[in-house]
Amino acid sequence: MKRRQLLALTLALATSSALPAMAENADQPYAGTHIAVLMEGHPTTDGIQKLLPEFTKETGIEVELEVIPESDITAKMLLEFSSGSGRYDVVQNNIIYIPGFVKAGYIDPLDDLTKKLPKHLDRADFVPGYLNTNIVDGKLYGLPVYGESTFLMYRKDLFEQYGLTPPKTFDEVISAAKTIKEKSNGEIAGITMRGAQGIQNVYVWAGWLWGYGGEFLTKDGKSALGTPEAAASLDAFAKVLRDYGPVGAANFGWEENHVLFQQGKAGMTMDATVNGAFNEDPAVSSVVGKVGYVPVPKQTDALKGGSSSLAVHSLYITSASAQKEAAWLFVSWATAKEQQIKSFSIAPNSGVTSEAALNSDEFNKRYGAFKEAMLASINQGNPQYLPTVTAANEIINNAGIAVSKALAGTASAKDALAEANTANDAALAR
């Protein structure tokens with residue numbers, strides 16, 4: 001009898017001690033899974049990286065996060081995709097590449113996963129214009145991790161000192177840049193912008209292209225870079241940077257550009273709206289409270305599209321991923337309102353895609369100085385600001401070479417763009 005009682009007691013203890021483990025497994029069905037994620041260097045990524053231990057604690061999923069510059073990420077992704085390496089489960093990129101990725105079968109639709117694992121997803125909380133850019137043929141392919149537009153940032157104190165008004169045209173931008181550089185005896189650059197070849201210089205020059213009445217593609221799908229409007233826009237962009245920009249601007253990417261402006265070494269800059277968060281951050285900026293913000297100017301009223309961008313960067317699950325459900329948990333967690341709101345205290349991040357984050361007291365406290373101008377730029381943002389076709393990467397690379405040639409003075413804007421126009425037509429015809 002005692003032996004039976006002892007055996008029963010032993011079984012009872014074993015069963016009771018196993019219960020917590022069983023419950024834990026039920027709560028963490030993907031515990032022990034490893035996923036690889038490729039993201040670009042950005043304040044949003046900084047926030048996600050810092051919060052990753054919380055995700056692992058909640059799900060048991062280990063995340064290997066690789067962060068590289070935006071200018072390198074597309075080429076790296078295409079190399080991995082085309083080789084079929086299956087290296088990454090989740091990748092991040094601009095939504096302009098979605099059509100090409102979908103057509104090539106590089107990324108998977110997310111609709112089934114949203115139904116199976118809905119825990120972190122609140123579709124109604126995303127800014128509609130951001131979420132909708134991820135829908136192709138009625139299917140959802142990504143979740144927006146950050147969104148932005150572009151605007152002109154100018155030093156209010158310098159504009160007041162030199163009797164300048166906020167520019168509404170590019171002629172006024174050039175005139176103001178000239179005044180600031182000359183009146184400061186060259187100590188302050190009139191304007192700073194990205195000049196590094198590729199997506200960096202094309203992203204900013206695109207505002208000039210559209211603002212001069214140009215476009216990347218015609219309605220019948222041909223390259224439109226051989227037009228007088230395109231040549232005039234590049235000629236003006238290159239001239240203002242060469243004559244009134246900082247030394248080395250031809251090599252500036254996003255980081256070099258925003259750092260120089262927040263150090264007080266330039267009177268204006270034209271760049272992503274997220275830069276406002278750095279300007280107003282006393283931990284990194286010497287121009288807090290001194291900056292004015294307006295949408296990107298225009299040179300003509302005969303526009304084919306707005307001169308401010310509408311850029312959305314999203315997280316996608318690769319078709320080659322062997323752990324799509326774990327990957328989805330990461331994607332939906334990383335883009336959820338809770339993480340976006342937490343990110344404010346980690347890095348300057350005004351590019352949130354969550355309505356709750358955008359309308360929070362914390363956002364208004366930190367970024368109220370430019371929120372109105374940012375929303376104005378977003379609301380009139382041009383979704384075709386960069387080409388959204390399968391050949392987008394080639395088109396941008398060819399255009400970037402033309403911009404670099406014009407900046408270096410090795411070719412006229414007209415000749416450099418004529419060469420890019422021919423190369424782009426060839427890419428579009430494939």
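User: How many aromatic pairs does the count come to?
Analyst: First, a caveat: this is a predicted model, so local features need pLDDT of at least 70 and side-chain atom pairs count only at pLDDT 80 or more, while totals for chains, interfaces and linings use all residues. Residues are numbered from 1 along each chain as its sequence is written, and side-chain values use heavy atoms, with hydrogens and water left out. Rings of Phe, Tyr and Trp (its six-membered ring) pair if their centres lie within 6.5 Å; planes under 30 degrees apart are stacked, over 60 edge-to-face, and the rest tilted. By this rule, the count comes to 21 aromatic pairs.

User: Phe151 and Phe370 form one of those pairs; how many residues apart in sequence are the parts it ties together?
Analyst: The pair is edge-to-face, at 6.3 Å centre to centre with 90 degrees between the planes. Helices (H or I, at least four residues) and strands (E, at least two) are DSSP runs, numbered from the N terminus. Phe151 lies in strand β7 and Phe370 in helix α16 (residues 361-379), so the parts tied together are apart in sequence by 219 residues.

User: Is Phe151 buried or exposed?
Analyst: Buried means under 20% relative accessible area, exposed over 50%, and partly exposed in between (1.4 Å probe, protein chains only). Phe151 also belongs to one aromatic cluster with Tyr293, Phe344, Phe363, Tyr367 and Phe370. Like Phe370, Phe151 is buried.

User: In the open sheet of three strands, what is the order?
Analyst: Two strands pair if DSSP finds at least two bridges between them. Five bridges join β7 (residues 150-155) to β8, and five join β7 to β9. The pairing is antiparallel, and the order is β8-β7-β9.

User: Which residue in β9 is the bridge partner of Phe151?
Analyst: The strands β7 and β9 run antiparallel. On the β8 side, Met153 stands opposite Thr269. In β9, the partner of Phe151 is Pro295.

User: Which helix packs on that sheet, touching β7, β8 and β9?
Analyst: Contact means heavy atoms within 4.5 Å. Axes are lines fitted to C-alpha atoms, for helices over the stretch in contact, and angles run from 0 to 180 degrees between N-to-C directions. The direction of the helix makes about 140 degrees with that of β8, and the helix spans residues 254-262: α11.

User: Where does Asp271 sit, and which side chain does its own side chain join in a polar contact of 2.6 Å?
Analyst: Asp271 is found in strand β8, where five of five residues are buried. Asp271 itself counts as buried because its relative accessibility is 0%. A polar contact is a pair of N or O atoms within 3.5 Å; within protein, one must be able to donate a hydrogen and the other to accept it, and residues adjacent in sequence count only if both atoms are side-chain atoms. At 2.6 Å, the partner of Asp271 is Arg194.

User: In the five-strand open sheet, what is the order?
Analyst: Two bridges join β1 (residues 34-40) to β3 (residues 90-94), and these run parallel. The bridge partner of Leu38 in β3 is Val91. The pairing in the sheet is mixed, and the order is β2-β1-β3-β10-β6.
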